[in-house]
Amino acid sequence: LDHLNVTYQGTTYTLKRVVTEEKVEKDESKDTDADADADADSEDADEEETKTVTTYYVNDQEADSDAFTAFYRAAAGMTCQSRLEENTNKGDAELTLSYYGTDGSEITISYTPRDSSFYVIEDQDGNCGLVNKMNVKDLIDAFLTLTEDEK
C-alpha cells in the first residue's frame, strides 16, 4: 500500500505509513573493560546498527501510531453481512476509502447509509453488500479520533 485517501463528509484526507532505517546511537559510557571491548569495537566499526522506524501521517502531519493502526484495522476488518445484486440506494456516500498500491493499482470502497440498521458498501467494480451500521460507526469513530488534530 502506498497511501490511503479517506473522504468523509466531503473532505479528503491522505493517510500514509513511512518505514525508514535509522542508525542506532551507541552509548560509549557503557564500556567498562577496554581490553575486551577493543576487539568488539573493531568488528562493530564495519557494521552500523540500525533500527526500523515506522511513522504515520495524515495529510503530511505526523499522526498517533495507535490511532492510525486502530483505524486501519477497523477498515481492513470490515465485512459484509450479506451480498447485494445491485445498489438500489443511490444516496451520497458518507465515507469513501481509496487504497493506492505501490504498483499503481487502486481499490475504492464507499459506505452509504441505507436505513437504521445498515450501510451499503460498494467497490469500484459495482460489487455491493450490506454492512452493520454499528461497524461503520466504529470505523468512523476511529477515523475521527485519528483526525481530531486535523480539524
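1. Strand S5 (residues 82-84) pairs with strand S9 in the antiparallel sense, over three bridges. Within that pairing, Leu84 has Cys128 of S9 as its bridge partner. This is a friendly place to begin a first look at the structure; please keep in mind that you are looking at a predicted model.

2. Now stay with S9 for a moment. Strand S9 covers residues 128-132 and also pairs with S8, again in the antiparallel sense, over five bridges. Two pairs are handy for finding your way: Val120 stands opposite Leu130 in S9, and Tyr119 stands opposite Val131 in S9. S9 is mostly covered, with four of its five residues buried.

3. The turn that joins these two strands is worth a glance. S8 and S9 form a hairpin with four residues between them, and Gly126 in the turn has a positive phi of about 85°.

4. Strand S7 (residues 106-113) and strand S8 (residues 118-123) pair in the antiparallel sense over five bridges. To locate this pairing on screen, look for Ile109, whose bridge partner in S8 is Asp123.

5. Ile109 turns up again when you look at Thr96. Thr96 lies in strand S6 (residues 95-100), and the residues it touches, leaving out those up to four places away in sequence, are Asn5, Val6, Thr7, Thr108, Ile109 and Ser110. Is Thr96 buried or exposed? Its relative accessibility is 19%, and the cut-off for buried is under 20%, so Thr96 counts as buried.

6. The protein has three helices and nine strands. Read along the sequence, the pattern is β-β-α-β-β-α-β-β-β-β-β-α. Of its 151 residues, 30% count as buried.

7. Glu49 lies in the loop between helix H1 (34-44) and strand S3 (50-58). Setting aside residues up to four places away in sequence, Glu49 touches Glu22, Lys23 and Val24. From C-alpha to C-alpha, Glu49 and Val24 are 5.5 Å apart in space, while 25 residues separate them in sequence.

8. How many salt bridges does the count come to? The count comes to two. One of them joins the side chains of Asp2 and Lys16, at 3.5 Å from N to O. This pair links distant parts of the chain: Asp2 sits in the segment before S1 and Lys16 in strand S2, 14 residues apart. Asp2 has a relative accessibility of 28%, so it counts as partly exposed. Lys16 has 32% relative accessibility and therefore also counts as partly exposed.

9. In the other salt bridge, the side chains of Lys137 and Asp141 meet at 2.8 Å, N to O. Where do these two residues sit? Both are in helix H3 (residues 133-147), and because they are four residues apart there, about one helical turn separates them. Lys137 is partly exposed, with 41% relative accessibility, and Asp141 is partly exposed as well, with a relative accessible area of 33%.

10. Finally, have a look at the largest pocket, which has a volume of about 250 Å³. Its lining is made up of 13 residues, and Leu1, Arg17, Tyr56, Phe68 and Tyr72 lie nearest the centre of the pocket. Which elements give two or more residues to this lining? They are strand S1 (3-8), strand S2 (11-23) and helix H2 (65-76). Sorted by class, the lining of the largest pocket has seven nonpolar, two polar and four charged residues.

Terms used:
Residues numbered from 1 in each chain as written. Predicted model: local features only at pLDDT ≥ 70, side-chain atom pairs only at ≥ 80, totals over all residues. Heavy atoms only, no water. 1 Å grid on protein atoms, 1.4 Å probe; cavity = no way out; pocket = protein on both sides within 12 Å on 5 of 7 lines; lining within 4 Å. Points joined across faces, edges and corners; volume = space filled by probe spheres on them. Nonpolar A, V, L, I, M, F, W, Y, C, P; charged D, E, K, R; others polar. Contact = heavy atoms within 4.5 Å. Salt bridge = Lys/Arg side-chain N within 4 Å of Asp/Glu carboxyl O. Buried < 20%, exposed > 50% of the residue type's maximum accessible area, 1.4 Å probe, protein only. Pairing = 2+ DSSP bridges.
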